[in-house]
Amino acid sequence: MRLTEEQYRRAITRNLYELAHARLERFVLVAFDEFESGGPLYFPSDKPFLEIVFNALFNSMMGHAVKIMDEHSRCASFWAIFRTDEHRIRKLRVFSEEARGQITELTKKLKKIRNNTFVHIDRKAVFDPEKVWEDAGITGDEFGRGLSQLWNILAELHQNVHGRCFRDPCEDYDASDV
């Protein structure tokens, strides 16, 4: 289902807001991980706040990503924008079939997580939710690349449609305060 012109214009901006949050939260999480010596994160038992913050950022980041890549026909997500104006998107300087393929693959993996353990609690997956994440096989690099590709496409599209740039919050923040 295609979006109306006004839905299309607003969806581009809303998806960029969701992406901005997801990218910024991922940026902080990566800095957090690097701060913790590059290995698995270790949170001292007397500092549960750090683990709570990390998990909250992770869940928020994933929630934004799931919204952006939802394929349902009633959503005003990236895929609705793509269906509405595929011709224009394919002409963007930053668009490539390789990027589309990677975004498509990430979308499929996120959908499995979304439907089985993240948004819904599947009655079979309830026995081993970690396996759902494991089976999806999303790496941090793959996730980050997907967010960057989506950002680049939607930011250029926003410039074309709205005639102005959408400010990238990651430009002004280096996570040195983590």
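Just after H7, Gly163 takes a positive phi of about 75 degrees. This is a predicted model, where local features need pLDDT of at least 70, side-chain atom pairs count only at pLDDT 80 or more, and totals for chains, interfaces and linings use all residues. Residues are numbered from 1 along each chain as its sequence is written, and side-chain values use heavy atoms, with hydrogens and water left out.

**Helix H7**
- H7 covers residues 140–162, 23 residues in total; helices here are DSSP runs (H or I, at least four residues), numbered from the N terminus.
- From first C-alpha to last, H7 reaches 32 Å, close to the 33 Å expected at 1.5 Å a residue (1.5 Å times one less than the number of residues).

**H2 against H5**
- The axes of H2 (residues 48–68) and H5 (residues 97–118) come within 10 Å and cross at roughly 120 degrees; axes are lines fitted to C-alpha atoms over the stretch in contact, with angles from 0 to 180 degrees between N-to-C directions.
- That makes H2 oblique to H5 (under 35 degrees is roughly parallel, over 145 roughly antiparallel, 65 to 115 roughly perpendicular, the rest oblique).
- Asn59, Met62, Gly63, Ala65 and Val66 in H2 meet Leu110, Arg114 and Phe118 in H5, contact being heavy atoms within 4.5 Å.

**Aromatic pairs**
- Counting rings of Phe, Tyr and Trp (its six-membered ring) with centres within 6.5 Å, there are eight aromatic pairs.
- The ring centres of Phe78 and Phe82 are 6.1 Å apart with planes at 40 degrees, so this pair is tilted (under 30 degrees is stacked, over 60 edge-to-face, the rest tilted).
- Both sit in H3 (residues 78–84), four residues apart, about one turn of the helix.

Methods. Helix = DSSP H or I, 4+ residues; strand = E, 2+ residues; numbered from the N terminus.
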